[in-house]
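I opened the model and kept notes as I went. These are the entries, in the order I made them.

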Amino acid sequence: MIQYKTFLLVAILTCAVLTGCGPDTNGRQSLSGTVTFGGTPMTSGSISFQPTGEVKSSAAADIVNGAFKISAIQGLLPGEYSVVFTCFEPTGKKIQTTDVDGKPTEVDELVSYIPLDYGQDTTQRVTVVEGKNVFEFSVPRSDRPVESPTSATAPVVH
């Protein structure tokens, strides 16, 4: 009887190991990749993936030292997505604004050098598939700011 219980326990543990104990991702896929900005790794910014068709998922991640990663739990369902890049740089000037309590405060003026077709009016597209999704993006740098200054909470390139 003890041998049968031992065999049963080993069989159950083997099944658990073979089927995995990971979280259910509901078909979402992980994504990772690299982003260059003006020919060098984007030191700080963000990337977001927005559905272009029937797919009902979206995701975003920080870009740090030219790389991003989105786990399957937070990832995308297979399909086509538009890709939006965000990156702000300080101008060296201070601007007046109000804080969360409505009090006046000074913050760094921030601008973006990301062309509109990589930013708010993106034309960039990717297709997410079941399995490995590794992307390499090369974002050109505009010669002058292309968006109006934003708040100090935006990601800053150093």
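**Entry 1**

I started at Phe137. Leaving aside neighbours within four places in sequence, I find Phe137 in contact with Thr34, Val35, Thr36, Ile47, Phe49, Phe68, Val83, Phe85 and Val126. Contact here means heavy atoms within 4.5 Å.

This is a predicted model, in which local features need pLDDT of at least 70 and side-chain atom pairs count only at pLDDT 80 or more, while totals for chains, interfaces and linings use all residues. Residues are numbered from 1 along each chain as its sequence is written, and side-chain values use heavy atoms, with hydrogens and water left out.

Next I looked up the largest nonpolar core, and it has 26 residues. Such a core is a set of buried Ala, Val, Leu, Ile, Met, Phe, Trp, Tyr and Cys residues joined through side-chain atoms within 4.5 Å. Ile47, Phe49, Phe68, Phe85 and Phe137 have the most contacts inside it. At least two core residues come from each of β1, β3 (44-51), β4 (59-64), β5 (67-70), β6 (79-86), β9 (125-128) and β10 (134-139). In soluble globular proteins, nonpolar side chains tend to be buried together.

**Entry 1: Overall layout**

I counted elements: one helix and ten strands. From the N terminus they run α-β-β-β-β-β-β-β-β-β-β. Helices (H or I, at least four residues) and strands (E, at least two) are DSSP runs, numbered from the N terminus.

Of the 158 residues, 33% are buried. Buried means under 20% relative accessible area, exposed over 50%, and partly exposed in between (1.4 Å probe, protein chains only). Among contacts between residues at least 6 apart in sequence, 70% join residues at least 24 apart.

**Entry 2: Gln29**

I moved to the loop between α1 (2-19) and β1 (31-37), where Gln29 lies. Is Gln29 buried or exposed? Gln29 counts as buried because its relative accessibility is 12%. Its side chain reaches the backbone oxygen of Gly27 at 2.9 Å. Not counting residues up to four places away in sequence, Gln29 touches Ser71, Ala72, Gly75, Leu76, Pro78, Val128, Val129, Glu130, Gly131 and Asn133.

**Entry 3: Positive phi**

Most residues other than glycine have a negative phi. I noted Asn26, which is not a glycine and has a positive phi of about 55°. Asn26 is also in the loop between α1 and β1. Asn26 counts as exposed because its relative accessibility is 60%.

I noted Asn65 too, with a positive phi near 50°. Asn65 sits in the loop between β4 and β5. At 61% relative accessibility, Asn65 counts as exposed.

I checked cover on strand β7 (residues 89-98). It is hardly covered: one of its ten residues is buried. β7 pairs with strand β8 (residues 104-111) in the antiparallel sense, over seven bridges. Two strands pair if DSSP finds at least two bridges between them. Pro90 stands opposite Leu110 in β8. The hairpin has five residues between the strands, and Gly102 in this hairpin takes a positive phi near 85°.

**Entry 4: Confidence**

The mean for the protein is 85, and 78% of its residues reach 70 or more.

Methods
Polar contact = N/O pair within 3.5 Å; in protein donor to acceptor, adjacent residues only side chain to side chain. pLDDT = per-residue confidence, 0-100.
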